[in-house]
Every structure is written in C-alpha cells, then in structure tokens.
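Okay, everyone, thanks for coming. Let me put the structure up, and then I'll walk you through it.

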Amino acid sequence: MRKIDKIRIIGCLCAILGGGTLCCQTVSAEVVLVAAQQNYANIAVSQVTDYVNIREQATTSSAIVGKIYNNCAATILESVSGEGGEWYRIQSGTVTGYIKAQYFITGEAAEQLAQSIGREFATITTDSLRLREAPSLDSTVLTLLSNGARYVVAGEEGDFYKIEVDADLVGYIAKAYCTTEVEFDQALSLEEEQQKLAEETQRKQEADDAIAALQQVIEVETGLANGGATSTSPTEFIIEANPEVSDNSQRASAPTVGVGSVLSGSSSPGSTAAVVSATRTAIVAYARQFLGNPYVYGGTSLTDGADCSGFTQAIYAHFGIETGRSSRDQAENGQAIAVDAAQPGDLLFYASGDYINHVALYIGGGQVIHASNETTGIIISPYNYRTPCKAVSFLD
C-alpha cells in the first residue's frame, strides 16, 4: 500500500427534523486519525442506520456526548464490558466516549471499507503548478494550478497523481509538488452540531437581510424614477431568500419585475449604481447559503443538485436575470470584462484549450463559489484554482 501523507477525518452533519433529513454539511476537524506510515491499519468504521449516540459511560442511561453516523471512522481506545455486552471507548474527531461494539467493523474488513469511503485530496505546494494531459513532463499543459489549492485525487501513475480539478477538467500533477490526505466522516459532539446549525442559520439570515436591503433600494430608486410615487403592489418585486423548491418552481417563482428590468429601465447612473451594489451583495449572500449542497450533472436545483452552469443560472434567475443554460451561453451573453476587474456577483469562466467548460461566481477576496464535482459539491475555491480565461458581468 502506498504512503499517504496523513489521514484526516471530517464531520458529517445531517440536520434531522420531523423524521426527514433536510441537509448534509461537512465540518473540518484537524484530527489525524492514522499516522502516515500506518495508513489504514487502526481504523474502525461505524455501521449504523441513521446515527447512534456516543455515551459518557458504557451504559444507555449515561449522558450523550456526541453522535456517529454510518460509515464514519474512529479509533478504538479500549474494549470494555458494559450494559448488554461489549462496548468500545472510541475517539472520532473531537468526541471521546462509549458505543456498543456491535456498531463497528474493525480489522481487515474496516481497512478495505475505509479505502472505498475515504476521500483523497492533493494540496499544491508550489506556485503555478502545471496540470498535464498525461502522466509525463512532456505532456500538454492543460492549465496552471495555484499554491494551496486542493483537488480530488482520482488515481496515480508512476510519479504523478491523477486529479479531478472540477467535474469538467481531469489531469496529472507531479507528486513532488503536493501533499495528500484522506478524509473520512467522523462523529460530532453536541456542541459542534449546534455550531454548524447556527452557521447555517446565520448564512440564511445574511441572505434574507441582503435581499431585504436590495428590495428597499429598488423601491426607493423606482419611486424616484416615477417622481416619488412608489409602487403599492406587493407582488411587483418579491424575492424569497430560502426557497425549499425544485428547480422548475424556482424559475417559476422568479420576480415579475426583477433586477434586470429595473436596471434596463433606469435612466439615472446614480440609481443604477445603487441597485447594482445592493444586487451584488444579495447575489453573493444568496449563493453562500447553498454551500455543501450536491453537484449533479445537468442539474439546476440549488437544494437537490446542480452542475456549474446550473448553479449560476439558478442564482441569477432568482433575481430575474437570464444568463443562458451552459457555461458557454453565459460567457457569450454577459458583458465581457477583464478577469482582474471582476467584482462580487460577476462570473469567471475556465476552459480546456479554447473550449469553455466551467463557470464560477466571484464572491470577492480572490474567491469563487461553484458547483465543483460530485465529491465536493458546492464549494468556495481560490479564483485561480485553475486559470480563468474570461470574466463577464450581467450587472454592468
């Protein structure tokens, strides 16, 4: 078995309400489960339905200190005799406690399962690393990768890793210029679970606040354009920040008078600037609340799954702005701007050769949010995680 730099486990937070799973988020925990030279040797893997509580003592009446979900990794610290038979004292992430032995597989079976459920990533350790078409230094360079960026490892060949930069670009990098780690889901303490739910609530509240501010700006600016008479129609511009709907109903619920209509109908530069600024803030806040949601090829649902252009299309459609469906459509339909002139809410595009095949939403601070691939889902990345080839704005 080849050497892995380290094995890390991350938390899988599933919010349960009314018997149904509403969402799944991941929490990073800086816990090295297995030293590099040992690889998978000490891993135990949970096999449960939904989740099992981790207890303070080896009894079902003792306090709950955390939860562990199916296919989570743990280290068994000791085996003890407890209520109803054998229990393990485990460490998984930040949680240490007791759980019945029947809920874990260990030994060779756990090692084999761990290799299939672990997610391996490579982190670049040099500037402008060349991504190559084949595992050779003489192969065609597909793009440049940024220092510190992280990519899914899809395999290896000789001195090269095969990496999935996103769903639209796969290539090879030299092993000498990256470190690797394998991540597993882990148990969550009650405090971590509460923290993640609080963070999710905060992102939704920020989206609500930003959209409310945008609505207020539009009402004021529209009123000024009409000589001070604001509209009394409550349906003229209504955007909900957190729709729990399918992709079809998302598009159907787009505002009757959206941002695009307001901007195109404005004759005042000051009015346009105010609306654009508020729209940029609202678009970014709205997009961020979908972090961690799944990537689905061909999908346009912000909750059930979207691909890269489906994600950006759905974000913009929520504000009444039509972008087109594919990344190439969006690159053509927007107003071209310099990449280094991109502002929050603009789109960045990436290509293989001359063929645009990926799009991301710039959120400021040198970062983009995008539906990356099936392993990572919707994530935030450095804007130059691969070299952008074009930027456009639908707001200028």
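So, what do the side chains of E78 and R89 meet in? A salt bridge, with N to O at 2.8 Å. Keep in mind that this is a predicted model. E78 sits in strand β6 and R89 in strand β7, so the pair ties together parts that are 11 residues apart in sequence. E78 is partly exposed, at 33% relative accessibility, and R89 is partly exposed too, at 25%.

In total, the structure holds 11 salt bridges. Have a look at helix α2, where E199 and K196 lie three residues apart, about one turn of the helix. Their side chains also meet in a salt bridge, 2.8 Å from N to O. Here K196 is buried, with a relative accessible area of 14%, whereas E199 is partly exposed at 27%.

Okay, on to the greasy part. The largest nonpolar core has 40 residues, and F311, I315, L347, L361 and I369 touch the most other members. Helix α5 gives the most to this core, nine residues. If you zoom in on I315, its contacts include I283, Y286, F290 and L361. There's also a second, separate core of 22 residues, with L129 and Y151 among them.

β4 and β5 run antiparallel, joined by five bridges, and N53 has K67 as its bridge partner in β5. β5 is also joined to β17, antiparallel again, by two bridges, with G66 opposite S189.

How values were computed. Residues numbered from 1 in each chain as written. Predicted model: local features only at pLDDT ≥ 70, side-chain atom pairs only at ≥ 80, totals over all residues. Heavy atoms only, no water. Pairing = 2+ DSSP bridges. Helix = DSSP H or I, 4+ residues; strand = E, 2+ residues; numbered from the N terminus. Core = buried A, V, L, I, M, F, W, Y, C linked by side-chain atoms within 4.5 Å. Buried < 20%, exposed > 50% of the residue type's maximum accessible area, 1.4 Å probe, protein only. Contact = heavy atoms within 4.5 Å. Salt bridge = Lys/Arg side-chain N within 4 Å of Asp/Glu carboxyl O. Lists of a residue's contacts leave out its neighbours within four places in sequence.
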